[in-house]
Amino acid sequence: MYKKQMIFQKIVCMSALIAAVLVFVGSLGISTDLYDSLSRTILYPDYDLDYTSVAGSRVYYDMFGFNSDFTKISIVLILVTLVLFITNSHSRRKYYIGNYVATGLAVAAQIAMSIWCIPQIANYKSQFQNNVDFEALEAFSKDWGTLYIGPGDTFWFDICYVIFGILLLTSCLLIVNLILKMTVMKGEQEALANGKGEANG
């Protein structure tokens with residue numbers, strides 16, 4: 001049980017770090033297609049986002065604030081996850097207070113970021129699909145040689161859902177690992193106590 005738990009512990013901590021990096025990648029990519037397709041349709045983005053060749057194309061600029069925060073917070077998430085490795089939560093045989101704190105911080109950060117991001121991603125995806133005039137966008141792309149994306153071209157929105165699903169899965173695995181670790185530690189303490197009792201007897 002001890003060896004299996006230690007292997008599981010390393011896998012879970014590494015998975016948490018990989019998931020955090022994937023969130024960062026998602027934050028960089030979520031506006032990529034929108035930029036290539038919609039950014040040039042608005043003539044004066046600094047003055048009037050509704051003065052556009054394609055109705056609804058302002059969704060790209062409306063996402064700026066969220067996207068910037070998304071990227072910054074994803075970097076914070078990576079740093080918080082690295083605390084698992086700084087405290088040796090991936091390799092320590094016995095957990096101490098620092099390991100419990102590191103695990104709690106990682107789980108809290110993962111869940112909080114998911115709760116903050118997922119509804120906003122869903123909202124901007126809905127704005128893109130429901131507000132953009134795709135006939136006008138297709139005509140614009142043909143005239144100006146820009147990328148055309150239709151209402152079904154939501155790869156980056158959808159992949160972010162997958163990424164956050166992975167992130168929440170690692171949160172569950174970190175909790176499971178903590179419970180297993182506590183069970184193993186308790187078992188070792190009981191075995192030591194029984195061994196001492198037999199030796200004294």
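Tyr60 is buried, with a relative accessible area of 8% (buried means under 20%, exposed over 50% and partly exposed in between, with a 1.4 Å probe and protein chains only). The model is predicted: local features need pLDDT of at least 70, side-chain atom pairs count only at pLDDT 80 or more, and totals for chains, interfaces and linings use all residues. Residues are numbered from 1 along each chain as its sequence is written, and side-chain values use heavy atoms, with hydrogens and water left out.

**Aromatic pairs**

- A search of the whole structure finds 14 aromatic pairs (rings of Phe, Tyr and Trp, the last by its six-membered ring, pair if their centres lie within 6.5 Å; planes under 30 degrees apart count as stacked, over 60 as edge-to-face and the rest as tilted).
- Tyr60 and Phe64 form an edge-to-face pair, because their ring planes stand at 70°, with the centres 5.1 Å apart.
- Phe64 is partly exposed, at a relative accessible area of 44%.
- Phe70 and Phe164 are stacked, since their planes lie at 25°, with ring centres 6.0 Å apart.
- This pair links distant parts of the chain, 94 residues apart: Phe70 belongs to helix 4 (residues 64-86) and Phe164 to helix 7 (residues 155-200) (helices, H or I with at least four residues, are DSSP runs numbered from the N terminus).
- Phe70 is buried, with a relative accessible area of 1%, and Phe164 is buried, also with a value of 1%.
- Ring pairs join Phe66, Phe70, Trp116, Tyr124 and Phe164 into a cluster.

**Charge over a ring**

- The charged end of Lys181 sits over the ring of Tyr95, 5.1 Å from its centre (the criterion is NZ of Lys or CZ of Arg within 6 Å of the ring centre and within 35 degrees of the ring normal).

**Packing of helix 1 and helix 4**

- The axes of helix 1 (residues 2-29) and helix 4 come within 8 Å and cross at roughly 165° (axes are lines fitted to C-alpha atoms, for helices over the stretch in contact, and angles run from 0 to 180 degrees between N-to-C directions).
- Helix 1 is therefore roughly antiparallel to helix 4 (a term for angles over 145 degrees).
- The contact involves, among others, Cys13, Met14 and Leu17 of helix 1 and Phe70, Ser74 and Phe85 of helix 4 (contact means heavy atoms within 4.5 Å).

**Phe85**

- Phe85 of helix 4 is buried, with a relative accessible area of 18%.
- Leaving aside neighbours within four places in sequence, Phe85 is in contact with Cys13, Met14, Leu17 and His90.
- Phe85 and Lys10 are 75 residues apart in sequence and 9.6 Å apart in space, C-alpha to C-alpha.

Methods:
Helix = DSSP H or I, 4+ residues; strand = E, 2+ residues; numbered from the N terminus. Parallel < 35°, antiparallel > 145°, perpendicular 65-115°, else oblique.
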